[in-house]
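Dear colleague,

Please find below the structure that I am handing over to you. My findings are set out after it.

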Amino acid sequence: MLNIAIFGAPGVGKGTQSAFIEKKYNLIHISTGDILREEISKGTELGMLAKSFMDKGQLIPDDVIINILEKIVDKNLKSEGILYDGFPRTVKQAEALDVMFEKKGIKLDSFLCLTADHDTLVARLLNRAKDSGRSDDADVNVIENRIKVYNESTLPVADYYKKQNKCVEINGIGKIEDIFAKICTEIDKVK
Ligand code: AMP
């Protein structure tokens with residue numbers, strides 16, 4: 001079973017690349033952001049809780065997100081593999097993932113870190129807001145807070161995986177197909 005994480009700041013292209021990766025490698029795509037947005041649209045208790053954080057560009061508490069993730073991983077242990085998009089987003093989540101994987105006898109095969117500069121991220125998110133209908137993409141203040149939270153709480157996750165020699169940095173600026181080709185090269189190395 002192949003376990004790949006796609007990582008990077010909001011707007012770096014994780015969702016776009018995930019759609020291609022999922023198809024080519026027949027992976028289950030777990031986007032924690034998508035799961036939370038679905039809960040919000042269904043009006044569940046979890047959705048209401050998530051909304052209160054997402055509207056401000058803050059992260060949902062670690063224990064809540066780790067719980068959700070473990071349930072989905074359990075359901076898909078017989079799949080060819082899982083693509084983790086938007087998780088882990090804190091070192092605590094990365095540590096919990098390691099513990100969870102060890103328990104299940106699996107491991108993270110590669111941690112793909114997409115990069116882009118601040119102004120590109122902001123421009124892409126504002127552009128995405130026109131189609132996505134995501135309120136957290138339409139408000140510059142929320143975008144800036146998401147990038148700040150990324151730099152402070154999420155970026156240390158890349159160091160966590162660098163220490164395990166699993167972190168691969170890929171430039172997220174360029175043609176979508178060129179970026180995808182670089183991603184495939186990395187996945188093929190661990191597959
Ligand atoms: P995304 O769709 O990945 O940009 O996520 C949108 C929002 O969902 C984030 O700004 C967070 O509020 C929340 N979220 C998604 N994934 C996580 C996670 N792994 N940990 C905490 N919050 C998350």
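The notes that follow concern the ligand site and then the aromatic pairs.

Please bear in mind that this is a predicted model.

An N or O atom in the side chain of T32 lies 2.7 Å from a nitrogen atom of the ligand. The backbone also takes part: a polar backbone atom of Q58 is 2.6 Å from an oxygen atom of the ligand, and a polar backbone atom of I60 is 3.0 Å from a nitrogen atom of the ligand. Of the 480 Å² of accessible area that the ligand has on its own, the protein covers 96%.

Turning to the aromatic residues, the structure holds six aromatic pairs. One of these is formed by F7 and Y150, whose ring centres are 5.7 Å apart. The planes of the two rings stand at 45°, so the pair counts as tilted, given that tilted pairs fall between the limits of 30 degrees for stacked and 60 for edge-to-face. This pair links distant parts of the chain, as F7 and Y150 are 143 residues apart. F7 belongs to strand β1 (residues 2-7), whereas Y150 belongs to helix α8 (residues 140-154).

With kind regards

Terms used: Residues numbered from 1 in each chain as written. Predicted model: local features only at pLDDT ≥ 70, side-chain atom pairs only at ≥ 80, totals over all residues. Heavy atoms only, no water. Polar contact = N/O pair within 3.5 Å; in protein donor to acceptor, adjacent residues only side chain to side chain. Areas by Shrake-Rupley, 256 points an atom, 1.4 Å probe, with all protein chains shown as cover. Phe/Tyr/Trp six-rings, centres within 6.5 Å; stacked < 30°, edge-to-face > 60°. Helix = DSSP H or I, 4+ residues; strand = E, 2+ residues; numbered from the N terminus.
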